[in-house]
Amino acid sequence: MGTRTERNKTNPDLGILSARLLFGIQQELFGTLAAQGFDDLQPRHGAVLAYLDVDGVRATDLSRLSGQHKQVIGTIIDELEALGYVHRQPDPADRRAKLVCPTERGLAQQRAADKIMTAIQDRHARRLGREAYAQFKSAFIDVTDHQRRRQTPEPPRVPPSVTPKARNGFSISV
């Protein structure tokens with residue numbers, strides 16, 4: 001059977017392959033963006049930037065689309081707002097909600113990122129052949145969608161006032 005390291009070299013599983021692809025693309029994308037003047041961005045910012053629309057998106061939708069927790073998305077939005085890539089504005093459909101919208105700098109970053117991603121995808125399509133790449137991408141989308149549908153819901157959160165003993169039915173601190 002071999003060691004895990006040997007297995008990951010010769011027959012990596014989907015998790016390893018997906019991570020290698022993600023990290024490789026992030027390195028090229030954010031490195032190229034940095035060279036184009038967007039050197040204040042980090043790969044974690046992609047969880048918001050990749051799903052941002054010109055007309056804005058609610059933070060809850062960004063969380064769902066990216067698969068990240070709402071708290072993580074909120075922190076990333078705060079960072080991007082401080083860096084000048086996004087701003088929040090009231091959602092005209094529901095004044096209680098806020099939309100996260102790109103600023104002019106955010107729009108410029110999106111245009112640059114789109115060009116970089118198109119170049120990366122074109123490079124792979126030329127290397128594999130356009131038809132083989134289209135088949136690969138279709139299968140990858142299918143596997144990704146199927147896996148995301150299988151995600152289990154988060155376990156319920158225990159209120160901070162409940163001690164570990166209380167979770168087992170013994171005591172509650174006040």
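Two strands count as paired if DSSP finds at least two bridges between them. By that criterion, β2 and strand β3 (residues 94–102) pair in the antiparallel sense over 6 bridges. Helices (H or I, at least four residues) and strands (E, at least two) are DSSP runs, numbered from the N terminus. The model is predicted: local features need pLDDT of at least 70, side-chain atom pairs count only at pLDDT 80 or more, and totals for chains, interfaces and linings use all residues. Residues are numbered from 1 along each chain as its sequence is written, and side-chain values use heavy atoms, with hydrogens and water left out.

**The sheet**

- An open sheet is formed by 3 strands in the order β1-β3-β2, with antiparallel pairing.
- The edges are taken by β1 (57–58) and β2 (86–91), each of which has a single partner strand, so one side of each is left without a neighbour in the sheet.
- Helix α5 (residues 70–83) packs on the sheet and touches β2 and β3, contact meaning heavy atoms within 4.5 Å.
- The direction of α5 makes about 115 degrees with that of β2; such angles run from 0 to 180 degrees between N-to-C directions, and axes are lines fitted to C-alpha atoms, for helices over the stretch in contact.
- β2 and β3 form a hairpin with 2 residues between them.
- Within β3, Pro102 is the bridge partner of Val86, while Lys98 stands opposite Pro90.
- β1 and β3 pair in the antiparallel sense over 2 bridges, and Val57 stands opposite Val100 in β3.

**Helices α2 and α6**

- The axes of helix α2 (residues 14–35) and helix α6 (residues 104–128) come within 10 Å and cross at roughly 135 degrees.
- The two helices are therefore oblique to each other (under 35 degrees is roughly parallel, over 145 roughly antiparallel, 65 to 115 roughly perpendicular, and the rest oblique).
- Their crossing is right-handed, meaning that the near helix is turned clockwise from the far one by less than a right angle.
- Ile25, Glu28, Leu29, Thr32 and Leu33 in α2 meet residues of α6, among them Ala112, Ile116 and Arg123.

**Aromatic pairs**

- The whole structure holds 3 aromatic pairs, that is, rings of Phe, Tyr and Trp (its six-membered ring) whose centres lie within 6.5 Å.
- The ring centres of Phe38 and Tyr85 are 6.3 Å apart and their planes stand at 45 degrees, so this pair is tilted (planes under 30 degrees apart are stacked, over 60 edge-to-face, and the rest tilted).
- Phe38 lies in the loop between α2 and α3 (46–49) and Tyr85 in the loop between α5 and β2, so the pair ties together parts that are 47 residues apart in sequence.
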